[in-house]
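Here is a short briefing for a reader new to this structure. Start with the picture, then read the points below.

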Amino acid sequence: MALLVEKTTSGREYKVKDLSQADFGRLEIELAEVEMPGLMACRTEFGPSQPFKGARITGSLHMTIQTAVLIETLTALGAEVRWCSCNIFSTQDHAAAAIARDSAAVFAWKGETLQEYWWCTERALDWGPGGGPDLIVDDGGDATLLIHEGVKAEELFEKTGELPDPTSTDNAEFQIVLTIIKDGLKSDPTRYRKMKKRLVGVSEETTTGVKRLYQMQANGTLLFPAINGNDSVPKNSFDNLYGCRHSLPDGFRRASGLMLAAMEVVVGGHVVISDKCNGFPILAAAHAHVTEIRPVQRCQNPLARDQYPVLEEIFSEAEITAGTVYKRGHIMFEHMRKGRNNGVFFNIGHFGNEIVILGLENYSGGKGISVKPQSGRWVFRESNTGIVVLCEGRLMNLGCSTGQSQRRISWSFRNRGIYQLYLEKGESNVMYEKKVYVLGKHLDEKEAGRGLGKVGSRLVKLGKDQADYSGMGNEGPSDPDHNRG
């Protein structure tokens, strides 16, 4: 695809796969709005006051139908929005088309190359000569990373005249980032510093992105305030297992009887869930193994009576191997090579580095044999056996299917909108420092409670004696911030 910005008849910039899909996208958005009461309640409550009037918001978050409802909530509150996806496979093209035509500048399509992905990220941050966005909605931290690396390069260039060197790293993706920054220095050597100056802050959605923020805070390089949305209570009530069932090759799905859904895994066969399993229960008669890196989660896991082998011990048995979040390179080439013939490997973490596909590519000199879009079979010459890898090792519930339920994601996305309000307006006129913030449980409960009426739900109110005894008051929060349960 030629990397040229297009414009709607109204002059709004965009680059999507097919703008003619906008009517289909609009229909799905209207259906989704009914199932996303959290965001719709946000529009009702805050829309009349237009709290984002004049604000520029850049989003780097999966460009799906559900995200479209979030984008149009931000615009309904007065914001001007530019958006890209945070994953090369997760865009729903009809959603991107509808938003590009009707609401916001969008640069996203399903199946981007890494070069195209970073071009889209750069375009989402490009607000012209007057600087960048006021706020960033980030998922994985790539928009935040580009600004931080850009500022670092500009300061070094001004001081020494040295340009970024893409050959200084063997990471192909970071080579692209450095090339973008290097080329930009030639036309505007202050571009990213102007962005930094204008930025009020960022909210971050996922584990690895949050870890990056805390690392920058610790070493003193964080350039603007950040809200950690990953560790909010509503966010932690969701998981990426939802929607994975329909991502598997059809024949395998029927044969195995596999269903992966929120808080349950049902299998007829061997399954391995590796790394950060969060204690997901495994139901039905299945040979299930969960490996875990965190001792507290290990002792809480409902399968504590079962064996807990390390991954290397059970690859040859597993029909399904699911990698999870934030541990770089925990499924390597040597692991996949030991896999059962036609075993399925997939990743429900955010990035493309949890399952190291480079080893397979180096071994075969190319890509796997396509089974269906975003699903490939890799054959090992020595044994003439093979494995199926979904979504090239990237986030498969959005890459191969349509992700999470709208009702579940509604409350998480409502919080994303609220985070922007707290960054833009401050909480009780607090000016945020260059630190990472987790909003208190009283705010989590306040935001969750605001939209309960939309789903026909009511809360029990404590009596005065009960509230005094618990020490939490009638309005909550139900637990103090120090309670980590």
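The model is predicted. The protein has 485 residues, and 54% of them are buried. Its secondary structure comes to 17 helices and 19 strands.

**Overall make-up**
- The accessible surface of the protein is about 21500 Å². Carbon and sulfur atoms hold 51% of that surface.
- Take the contacts with a separation of 6 or more: 68% of them join residues 24 or more positions apart.

**Helix α5 against helix α6**
- Helix α5 spans residues 114-125, and helix α6 spans residues 142-160.
- The two pack at an angle of about 80°, with their axes 10 Å apart.
- Angles of 65 to 115 degrees count as roughly perpendicular, so α5 is roughly perpendicular to α6.
- On the α5 side, the contact uses Tyr117, Trp118, Thr121, Glu122 and Leu125.
- On the α6 side, Asp142, Ala143, Leu145, Leu146 and Ile147 meet them.
- The residues of this contact between α5 and α6 divide into 7 nonpolar, 1 polar and 2 charged.

**Helix α6 against helix α9**
- Helix α9 covers residues 207-219.
- α6 and α9 pack at an angle of about 30°, with their axes 10 Å apart.
- Angles under 35 degrees count as roughly parallel, so α6 and α9 are roughly parallel to each other.
- The crossing of α6 past α9 is left-handed.
- Asp142, Thr144, Leu145 and His148 in α6 touch Arg212, Leu213 and Met216 in α9.
- The residues of this contact between α6 and α9 comprise 3 nonpolar, 2 polar and 2 charged.

Technical notes. Residues numbered from 1 in each chain as written. Predicted model: local features only at pLDDT ≥ 70, side-chain atom pairs only at ≥ 80, totals over all residues. Heavy atoms only, no water. Axes fitted to C-alpha atoms, helices over the stretch in contact; angles between N-to-C directions. Helix = DSSP H or I, 4+ residues; strand = E, 2+ residues; numbered from the N terminus. Parallel < 35°, antiparallel > 145°, perpendicular 65-115°, else oblique. Contact = heavy atoms within 4.5 Å. Nonpolar A, V, L, I, M, F, W, Y, C, P; charged D, E, K, R; others polar. Left-handed = near helix turned anticlockwise from the far one by under 90°. Buried < 20%, exposed > 50% of the residue type's maximum accessible area, 1.4 Å probe, protein only. Areas by Shrake-Rupley, 256 points an atom, 1.4 Å probe, with all protein chains shown as cover.
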